[in-house]
Amino acid sequence: MGWSYNRLLIMLINKNMKRTDLLKVAGINSNALARMGKNLPVTMDALEKVCKSMQCRIEDIVEYIPDTE
């Protein structure tokens with residue numbers, strides 16, 4: 001599977017935030033947000049901005065799930 005940002009989505013729900021709110025608060029671009037929505041890798045810079053704005057650690061927002069074959 002690869003990267004999963006489900007933890008971030010759960011955090012947004014718990015904080016009653018929308019994905020567009022994250023764009024404004026974190027200062028990330030829409031491309032990074034779209035990639036997160038598709039569980040694709042994003043830059044460490046984008047992840048750092050999200051962590052700073054949400055006051056969390058990287059493992060609170062992203063998870064690596066290895067492919068099972």
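Colleague: Thanks! Is Glu 59 buried, partly exposed or exposed?

Modeller: Buried means under 20% relative accessible area and exposed over 50%, with partly exposed in between (1.4 Å probe, protein chains only). Glu 59 has a relative accessibility of 36%, so it counts as partly exposed.

Colleague: Before we go on, what kind of model is this, and how are its residues numbered?

Modeller: Residues are numbered from 1 along each chain as its sequence is written, and side-chain values use heavy atoms, with hydrogens and water left out. Local features need pLDDT of at least 70, side-chain atom pairs count only at pLDDT 80 or more, and totals for chains, interfaces and linings use all residues, as this is a predicted model.

Colleague: Which residue forms a salt bridge with Glu 59?

Modeller: Side chains of opposite charge can pair when their charged atoms come close. The rule for a salt bridge is a side-chain nitrogen of Lys or Arg within 4 Å of a carboxyl oxygen of Asp or Glu. For Glu 59, the closest N and O atoms are 3.3 Å apart, and the partner is Arg 57.

Colleague: Which residues are linked with Arg 57 in a network of salt bridges?

Modeller: Arg 57 is exposed, at 51% relative accessibility, while Asp 60 is partly exposed at 25%. The side chains of Arg 57 and Asp 60 meet in a salt bridge of 3.7 Å, N to O. The network therefore links Arg 57 with Glu 59 and Asp 60.

Colleague: How many salt bridges are there by this rule? And how many residues apart are Arg 7 and Glu 63?

Modeller: The count comes to five salt bridges. One of them joins Arg 7 and Glu 63, with the closest N and O atoms 3.5 Å apart. This pair links distant parts of the chain, Arg 7 in helix α1 and Glu 63 in strand β2, at a separation of 56 residues. Helices (H or I, at least four residues) and strands (E, at least two) are DSSP runs, numbered from the N terminus.

Colleague: What volume does the largest cavity have?

Modeller: Rolling a probe the size of a water molecule over the atoms shows where empty space is left. On a 1 Å grid over the protein atoms alone, a cavity is a set of points where a 1.4 Å probe fits but cannot get out, and lining residues have an atom within 4 Å of a point. Grid points are joined across faces, edges and corners, and a volume is the space filled by probe spheres set on the points. There is one cavity of 30 Å³ or more, and the volume of the largest is about 50 Å³.

Colleague: Which helices each supply at least two residues of that lining?

Modeller: Among the lining residues are Tyr 5, Leu 8, Arg 19 and Met 36. The lining divides into seven nonpolar residues, one polar and one charged. At least two residues each come from α1 (6–14), α2 (19–26) and α3.

Colleague: Where is Asn 39 found?

Modeller: A polar atom of the Asn 39 side chain lies 3.1 Å from the backbone nitrogen of Tyr 5. Asn 39 is found in the loop between α3 (30–37) and α4 (44–54).

Colleague: What is phi of Asn 16 near?

Modeller: Most residues other than glycine have a negative phi. Asn 16 lies in the loop between α1 and α2 and is exposed, at 71% relative accessibility. Its phi is positive, near 55 degrees.

Note on methods. Polar contact = N/O pair within 3.5 Å; in protein donor to acceptor, adjacent residues only side chain to side chain. 1 Å grid on protein atoms, 1.4 Å probe; cavity = no way out; pocket = protein on both sides within 12 Å on 5 of 7 lines; lining within 4 Å. Nonpolar A, V, L, I, M, F, W, Y, C, P; charged D, E, K, R; others polar.
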